[in-house]
Amino acid sequence: MNISAGKKLANLFGTFLKIGAFTFGGGYAMIPLIQREAVERNGWISEEDILEIIAIAESTPGPIAINSATFVGYRVAGMWGAACATLGVVLPSFFTILLVSRVLREFQNIPVVRYAFFGIRAGVLALIVKALWTMCRKCPKSALTYVVAAGAFLCAGILDVNVLLVLLGCGALGLGSALLAARRGVR
């Protein structure tokens, strides 16, 4: 491994360590940070790539943040990049969970601690809404896109249809739409 590749791997690890350490609320809250670091700050991937990576990360088993880190790392530096990015994003959560589980047992009934967690939840909700807004602005706009999004929300959020079935249905609709457009000669 040459020095340039080593620096790239160290940068991937450090970037995802920072994302993992300073993002509360799970994978959806990390999406804006991953987008900013991977696209805007480091130029590792394009805006279109991040949408594809998020879609793939969401539809594969496992947490979206870890899957996203793995895919970004792989695109940037292959298998070693995937390993470095994944390890970087996982380590802060691992150590935080160890610490919090020990502390929370002792202090969970103190009102100040409960109120702090209420505030953290509100902040996490804001980060998730921002991620949704960012992805919504970047997605292709068409009547089908809005119908599929509304249908997916209705099925998963209200009718409690298995998310895997919703994703498979959305993928089938997207594929069918693309095949129909190709048959008609429309891009």
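This briefing covers the pockets, cavity, nonpolar core, cysteines and one backbone feature of the structure above. The model is predicted: local features need pLDDT of at least 70, side-chain atom pairs count only at pLDDT 80 or more, and totals for chains, interfaces and linings use all residues. Residues are numbered from 1 along each chain as its sequence is written, and side-chain values use heavy atoms, with hydrogens and water left out.

**Largest pocket**

- The largest pocket holds about 1,900 Å³ of space. A pocket is an open set of points on a 1 Å grid over the protein atoms alone, with protein on both sides within 12 Å along at least five of seven lines, whereas a cavity is a set of points where a 1.4 Å probe fits but cannot get out; lining residues have an atom within 4 Å of a point. Grid points are joined across faces, edges and corners, and a volume is the space filled by probe spheres set on the points.
- Its lining has 40 residues, and Met135, Cys139, Ala149, Leu167 and Cys170 lie nearest the centre.
- Two or more lining residues come from each of helix H2 (27-41), helix H3 (47-59), helix H5 (111-138), helix H6 (143-158) and helix H7 (163-184). Helices (H or I, at least four residues) and strands (E, at least two) are DSSP runs, numbered from the N terminus.
- H7 gives the most to this lining, with 11 residues.
- By class, the lining of the largest pocket has 29 nonpolar, seven polar and four charged residues. Ala, Val, Leu, Ile, Met, Phe, Trp, Tyr, Cys and Pro count as nonpolar, Asp, Glu, Lys and Arg as charged, and the others, Gly among them, as polar.

**Second largest pocket**

- The second largest pocket holds about 520 Å³ of space.
- Of its 23 lining residues, Thr23, Phe24, Gly25, Ser93 and Thr96 are the closest to the centre.
- Helix H1 (3-21), H2, helix H4 (64-107) and H5 each give two or more residues to this lining, and H4 has the largest share, with 11 residues.
- The lining of the second largest pocket divides into 16 nonpolar, seven polar and no charged residues.

**Cavity**

- The whole structure has one cavity of 30 Å³ or more, and the largest cavity holds about 80 Å³ of space.
- Among the residues that line the largest cavity are Ile31, Gln35, Glu47, Ile54, Met135 and Lys138.
- H2, H3 and H5 each give two or more residues to the lining of the largest cavity.
- That lining has seven nonpolar, two polar and two charged residues.

- Beyond its neighbours within four places in sequence, Leu12 is in contact (heavy atoms within 4.5 Å) with residues including Trp44, Val76 and Ala85.

**Cysteines and Asp160**

- The whole structure has zero disulfides (pairs of cysteine sulfur atoms within 2.5 Å).
- The sulfur of Cys155 is 7.9 Å from the closest cysteine sulfur, in Cys170, too far for a bond.
- Cys155 is partly exposed at 26% relative accessible area; buried means under 20%, exposed over 50%, and partly exposed in between (1.4 Å probe, protein chains only).
- Asp160 is found in the loop between H6 and H7 and is exposed, with a relative accessible area of 66%.
- Asp160 is not a glycine, yet has a positive phi of about 60°.
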